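Reader: I have a model on screen. Please show me how to read it.

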Amino acid sequence: MKRLSKIISVSLLFLFAVILTVFSERACELARDGLRICALSVIPSLFPYMVVSQLIIGGGACDFIGRLLPVSRLYGLPKSAGTPIILGALCGFPVGAKTACEMYRNGSVSKVEAEVLISAANNTGPSFVVSVIGASFFGSTLFGWQLYLFQLVSSVIAAVAVNRIFFPFKSADSKGAVCKPKKISIYRSVADSTVSVLTVCGFIVFFTVVSGFCLTYIKDLSQPLAGLFSSLLEFCTGAGFASSIGGKQGQLLCGLAVGWSGISVFCQTAAFSAPLGLSLKRCICTKALQGLILGILAMLPTLDTASRGSYPVIYEEASLLLSSPLPVALISGLLYFFVLKRVTNT
């Protein structure tokens, strides 16, 4: 069985290499599309939050933030573990997962707690859901905000079910761990964040090329099938197909895509978790359940949902991404209170 699996894997990889060679011009075009997505939306919306998360962990602010907003108690985690969940909800993946990995590296949470955090902190930020999926794809910012709020609700339900019912665990420190502050280094935070963002962009470009070749043939057979396939790989492309289908079926597919997030996001997360020996079993189970829940919730009535009626070109829509002031305002406020507290205590 292992030998057969290895033969099939090698054959598929060889076939893909031949396709890339024969259709090299198409491959370069798809790669440019992926790079354009990164330049127009991923880097501007992700890089600043990567740096901020590094500074929060390095400065020991996670304990203060977690006690201010103790959302981690929903999952049976210490209060200080709330920082990745908050950042994941406001900034989008993989910021939350990366912050959880940094807390584990810093000794603030145990291995199992870090795995639970990763499963609960991997969500799409409001800027992308509202501006791109809602406004650009479905022609409705209201649908975007509704989808974002339902995403948070489904994330809590799925993460609680997986981590407290299906795979229960015992927190290493029920009283709450404390982030161990260390010397804050701006240049190190920027350098590490640069490498992290480049890693994320690498996966985006790769899956843009893979899905581009596959969808060329699948979408001619069936739009829903193409939507399901693209959602399995990468949620943004799946949401684009969902908007072209429209109606309740399109909303269902969009919810499935956003809730599941795609193999591309799992690979981005694994780039930070795998070197630390952290498993993504809880994360994959949570996202699968979240996709089902969010798909159902996404079909609830929205007043001004208007399908575009045709599949949008993803990299062109990415240029419409507007930076939401909500994450900036909340993070700035939290940092302000943290600095104020540190100053008043000295």
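Reader: Where in the protein chain is confidence lowest, and where is it highest?

Author: This is a predicted model, so local features need pLDDT of at least 70, side-chain atom pairs count only at pLDDT 80 or more, and totals for chains, interfaces and linings use all residues. Residues are numbered from 1 along each chain as its sequence is written, and side-chain values use heavy atoms, with hydrogens and water left out. pLDDT is the predictor's confidence in each residue, from 0 to 100. Confidence is lowest in helix α15 (residues 314–317), with a mean of 38. Helix α14 (residues 281–298) is highest, at 95. Helices here are DSSP runs of H or I, at least four residues, numbered from the N terminus.

Reader: Over which residues does pLDDT stay under 50?

Author: Where pLDDT is low, the predicted coordinates should not be read in detail. Residues 306–324 stay under 50. The model still gives them 49 contacts beyond four places in sequence; contact means heavy atoms within 4.5 Å.

Reader: How many residues has the largest nonpolar core?

Author: A nonpolar core is a set of buried Ala, Val, Leu, Ile, Met, Phe, Trp, Tyr and Cys residues joined through side-chain atoms within 4.5 Å. The largest has 63 residues. Among those with the most contacts inside it are V42, I118 and F235. Helix α2 (residues 24–58) gives the most, 8 residues.

Reader: Is S230 buried or exposed?

Author: Buried means under 20% relative accessible area, exposed over 50%, partly exposed in between (1.4 Å probe, protein chains only). S230 has 1%, so S230 is buried. S230 sits in helix α10 (residues 223–233). Beyond four places in sequence, S230 touches L215, F235, T237, G238 and F241.

Terms used: Helix = DSSP H or I, 4+ residues; strand = E, 2+ residues; numbered from the N terminus.
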